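I opened this entry to record what I looked up, one topic at a time. The structure goes in first.

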Amino acid sequence: MFTGLIVGAIAFAVVGVFHPLVIAVEYHLGKHMWPAFVLLAVGAFASSLFAPPLGSMVLGSVGAGLCWSSLELVWQHERARKGHAKRNPKRPAEYYDSGKS
């Protein structure tokens, strides 16, 4: 009866959690962590296949959020490189200035 409302709330929560998580991970660990997000997404998607309906919805939403966050992590690095987001001052300038970082 309330399935749509529940899925919407789950998706809203996933976005609310992963947005600041991406910013923090790029700042503290760097963009090279994107494969970890992909692996966690694959795990969440695979787990959703064997979970009960509500658990499947949660795991599917988390998997989609992790997939998107892997892209956002790279894009966050580009925003920091361009000066549109905060850089980690402990990183050498070459980390942001070179296109290869």
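A residue counts as partly exposed when its relative accessible area falls between the 20% under which it is buried and the 50% over which it is exposed. I kept that cut-off at hand throughout, and I note here that the model is predicted.

**Entry 1: nonpolar surface**

I looked up Leu54 and found its relative accessible area to be 45%, so Leu54 is partly exposed. Leu54 lies in helix H3. I then asked which residues form a nonpolar patch on the surface. They are Met1, Phe2, Leu5, Ile6, Leu54 and Val58, with about 660 Å² of accessible area together. I also checked which helices supply at least two residues each to this patch: they are helix H1 (3-28) and helix H3 (53-82).

**Entry 2: aromatic pairs**

I searched for aromatic pairs and the structure holds two. For Trp68 and Trp75 I noted ring centres 5.5 Å apart and planes at 75°, so this pair is edge-to-face. The angle decides the label, because planes over 60 degrees apart count as edge-to-face. Trp75 has a relative accessible area of 37% and is partly exposed. The pair of Tyr95 and Tyr96 is edge-to-face, with 4.9 Å centre to centre and 85° between the planes.

Are these tyrosines buried or exposed? I looked up each value: Tyr95 is buried at a relative accessible area of 16%, and Tyr96 is buried at 2%. I also recorded what lies over the face of Tyr95: Arg91, at 4.6 Å from the ring centre.

**Entry 3: Ser70**

Ser70 is found in helix H3. I read its relative accessibility as 9%, so Ser70 counts as buried. I then looked for a partner of its side chain. A polar atom of the Ser70 side chain lies 2.6 Å from the backbone oxygen of Cys67.

**Entry 4: salt bridges**

How many salt bridges does a search of the whole structure find? The search finds three, and I went through them in turn.

I noted the bridge of Arg79 with Glu72, where the closest N and O atoms are 2.8 Å apart. Arg79 has a relative accessibility of 29%, so I list Arg79 as partly exposed.

Next I took Arg81 and Glu78, whose side chains meet in a salt bridge at 2.8 Å, N to O. Both residues lie in helix H3, three residues apart, which is about one turn of the helix.

I then turned to Asp97 and Arg87, which form a salt bridge with the closest N and O atoms 3.7 Å apart. Asp97 lies in helix H4 (residues 93-97) and Arg87 in the loop between H3 and H4, so the pair ties together parts that are ten residues apart in sequence. I kept this bridge in the list because the cut-off for a side-chain nitrogen and a carboxyl oxygen is within 4 Å. Arg87 counts as partly exposed, at 30% relative accessibility.

Key: Residues are numbered from 1 along each chain as its sequence is written. This is a predicted model: local features need pLDDT of at least 70, side-chain atom pairs count only at pLDDT 80 or more; totals for chains, interfaces and linings use all residues. Side-chain values use heavy atoms; hydrogens and water are left out. Patches are made of residues with over 30% relative accessible area and no salt bridge: like charges are joined within 9 Å, nonpolar side chains (Val, Leu, Ile, Met, Phe, Trp, Tyr) within 5 Å. Accessible areas come from the Shrake-Rupley method with a 1.4 Å probe; for residues, only the protein chains shown count as cover. Helices (H or I, at least four residues) and strands (E, at least two) are DSSP runs, numbered from the N terminus. Buried means under 20% relative accessible area, exposed over 50%, partly exposed in between (1.4 Å probe, protein chains only). Rings of Phe, Tyr and Trp (its six-membered ring) pair if their centres lie within 6.5 Å; planes under 30 degrees apart count as stacked, over 60 as edge-to-face and the rest as tilted. A charge sits over a ring if NZ of Lys or CZ of Arg is within 6 Å of the ring centre and within 35 degrees of the ring normal. A polar contact is a pair of N or O atoms within 3.5 Å; within protein, one must be able to donate a hydrogen and the other to accept it, and residues adjacent in sequence count only if both atoms are side-chain atoms.
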